[in-house]
Amino acid sequence: MSDITYIDLVDDCCYLHLVTDAYSQKIVGWCLSETLEAEHTLEALRMAISQATADELKGLIHHSDRGVQYCCNAYTDELKKYGIKISMTEDYKPTDNAIAERVNGILKTEVIYREHRFKTYQDALERISGFVAFYNDTRPHSSIGMKTPSEVHQEQGPQRIMWKTAKELSGAVCPLPQGTP
């Protein structure tokens, strides 16, 4: 799953290009840049690709929105070179790229909104780099059995679904009294 999110600086903004493994929720590739140019999105992809063997990559599905960075020839050619299948959202609904959007939300809630705005690009780079390491290696996730993404990334086989359905949540959060229509 791939996405780009905006990071506010005091006098400007920068862009975080992320590649997240859907199985483990590990951030496997990322790049903070001062522009939205596709070369930065490609850098994040190449970081992710460098962590796997050719056999592990073949047949994977890469999902993103339809941003120009993901549609450009350089990006799609890189995916095709490794036998990675391309999947893109039908339109621009955030729910169509939910895992990537969730990672963005965690990052923004736990780091970015607490800072309000980073002073400089370098300040943002240092804090985000530290957070990616924390997110992958230290922060447990309830949806993957209170394990870290790095732990789950090393596992093989089916992943047990740990999240609750909307029906389970609605009953657990606010059960209605008997006889309520």
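Predicted model: local features only at pLDDT ≥ 70, side-chain atom pairs only at ≥ 80, totals over all residues.

Tutor: Beyond its neighbours within four places in sequence, Thr-5 is in contact with Cys-14, Tyr-15, Leu-16, Asn-104 and Lys-108. One of these contacts is also polar. The side chain of Thr-5 meets the side chain of Lys-108 at 2.8 Å. Is Thr-5 buried or exposed? Its relative accessible area is 6%, so Thr-5 is buried.

Now the strand. Thr-5 lies in β1, which covers residues 2-8. Five of the seven residues of β1 are buried, so the strand is largely enclosed by the rest of the structure.

Next, the partner strand. β1 and β2 form a hairpin, with four residues between them. They pair in the antiparallel sense over seven bridges. In this pairing, Thr-5 stands opposite Leu-16 in β2. Ile-4 has His-17 of β2 as its bridge partner.

Step back to the sheet. It is open, has three strands and runs in the order β1-β2-β3, with antiparallel pairing. Which strands stand at the edges? They are β1 and β3. Each has a single partner strand, so one side of each is left without a neighbour in the sheet. Neighbouring strands are turned by 20° against each other on average, direction ignored. A helix also belongs in this picture. α6 packs on the sheet and touches β1, β2 and β3. The direction of α6 makes about 175° with that of β3.

What of the nonpolar core? The largest one has 19 residues. Ile-7, Leu-16, Trp-30, Leu-32 and Ile-128 touch the most other members. A second, separate core holds 17 residues, including Val-28, Cys-31, Tyr-70 and Leu-79.

Apart from its neighbours within four places in sequence, Leu-32 is in contact with Ile-7, Cys-14, Tyr-15, Leu-16, Tyr-121, Ala-124, Leu-125 and Ile-128. Cys-14, Tyr-15 and Leu-16 are also among the contacts of Thr-5.

Tyr-15 leads on to the aromatic rings. How many aromatic pairs does the structure hold? There are four. In one of them, the rings of Tyr-6 and Tyr-15 have their centres 5.2 Å apart. Their planes stand at 70°, so this pair is edge-to-face. Tyr-6 has 48% relative accessibility and counts as partly exposed, whereas Tyr-15 has 13% and counts as buried.

Compare the pair of Tyr-70 and Tyr-75. Their rings are also edge-to-face, at 5.3 Å centre to centre with 80° between the planes. Tyr-70 is buried at 2% relative accessibility. Tyr-75 is buried at 1%. Tyr-70 also brings back the second core, where it is one of the members. Finally, Phe-131, Phe-134 and Tyr-135 form one aromatic cluster.

The side chain of Lys-108 supplies a polar contact.

Conventions:
Residues numbered from 1 in each chain as written. Heavy atoms only, no water. Core = buried A, V, L, I, M, F, W, Y, C linked by side-chain atoms within 4.5 Å. Buried < 20%, exposed > 50% of the residue type's maximum accessible area, 1.4 Å probe, protein only. Contact = heavy atoms within 4.5 Å. Helix = DSSP H or I, 4+ residues; strand = E, 2+ residues; numbered from the N terminus. Polar contact = N/O pair within 3.5 Å; in protein donor to acceptor, adjacent residues only side chain to side chain. Phe/Tyr/Trp six-rings, centres within 6.5 Å; stacked < 30°, edge-to-face > 60°. Pairing = 2+ DSSP bridges. Axes fitted to C-alpha atoms, helices over the stretch in contact; angles between N-to-C directions.
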